[in-house]
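Have it open while you read.

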Amino acid sequence: MAAHRHREREREMESKIEAATGKLVVKKVGGKSTVTRCFSKYPLKFIIPNKVGSSETDAVWVYTLTYGGGIVSGDSISCEITVADACTAVLTTQASTKVYKSLGSKSSEQILEAKIGSDALLAVIPDPVTCFSTASGRHESGEKWDFELYRSTNHIFLEGDQPLFLDSVLLEQGSITNIAERMQDYQVIAMVILLGPKLKQIQIQVQENVRRMMSEQLYLPSTGLRPHGKTQSDHFLAKPSFVVSCSAFGPKGIGIVVRIAAMTTESVYRFLQHQLTGMETLLGVSPYS
């Protein structure tokens, strides 16, 4: 039975490879992380600069973009990346990913499947998903969470297909309340996953920072008036503009997941810039700098 399931999974993987919109392979060449295979087809394109950041840093940066500047109704973009042992790769974007209006029942999807070797590092650093009405809302245009359905799934497996982290976010219009009502004034949600021994010190620092941030936000002095004559009880009724949580997962807490809800995109960028600055020595450039 186990062998049968294994053959099924192999056939499934072969089918995915044939259907892939893009493929990247990063291996050591002359002691440096190097893209040894790069393939993409419409609507996906890769841009690989010669070097990003310090020349002393061994990291390959790959920018993804789509023709037409976004994802249109019915698009299915599938990307596969392999990062070989002891290599470092960064997969990022040049701007927010725009999801345009869906037509009829045609939905759109993006799929990323990555295989990371021993002592290797893959940093996926995307800009926000910015969607249009009936796909997803644009705050500046008054489209606050104005879409039918958004699903984001993140699964991480160890060797032997052992599940390590399984997560799914589903936002869907309801018959009683819509998404905007449930999200209230929060316009951005985000998730950060930090996993592996190379990021251990950054994980520890982020956990400490998040704990301190939320403690300062939730616990205030017990006496005195707030500005404009507001009392302490008034403050506790106020809605925080930025909410963040952090929790460990996996054996011996080898990874952490950070979840964010915020009222502005800029506040999320500032948070990520500050918390991930320690990755500069690994990637050559600090994420979101």
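**Notes on the predicted model**

1. Confidence first: the chain averages a pLDDT of 86, with 83% of its residues at 70 or more (pLDDT is the predictor's confidence in each residue, from 0 to 100). Over residues 222-229 the value is below 50, and beyond near neighbours in sequence this stretch has six contacts in the model (contact: heavy atoms within 4.5 Å).

2. Numbering starts from 1 along each chain as its sequence is written, and side-chain values use heavy atoms, leaving out hydrogens and water.

3. The largest nonpolar core has 28 residues; L194, V244, V258, I260, F271, L272 and L283 touch the most other members. (Such a core is a set of buried Ala, Val, Leu, Ile, Met, Phe, Trp, Tyr and Cys residues joined through side-chain atoms within 4.5 Å; buried is under 20% relative accessible area, exposed over 50%, partly exposed in between, with a 1.4 Å probe and protein chains only.) A second, separate core of 16 residues includes L44, V60, I81 and A89.

4. Look at L283: leaving aside neighbours within four places in sequence, its contacts include V52, W61, V90 and L121.

5. There are six aromatic pairs (Phe, Tyr or Trp rings, the six-membered one for Trp, with centres within 6.5 Å; planes under 30 degrees apart are stacked, over 60 edge-to-face, the rest tilted). Y42 and Y67 count as stacked because their ring centres are 5.9 Å apart and their planes at 25°. Y42 is exposed at 64% relative accessible area, and Y67 partly exposed at 41%.

Key. Predicted model: local features only at pLDDT ≥ 70, side-chain atom pairs only at ≥ 80, totals over all residues.
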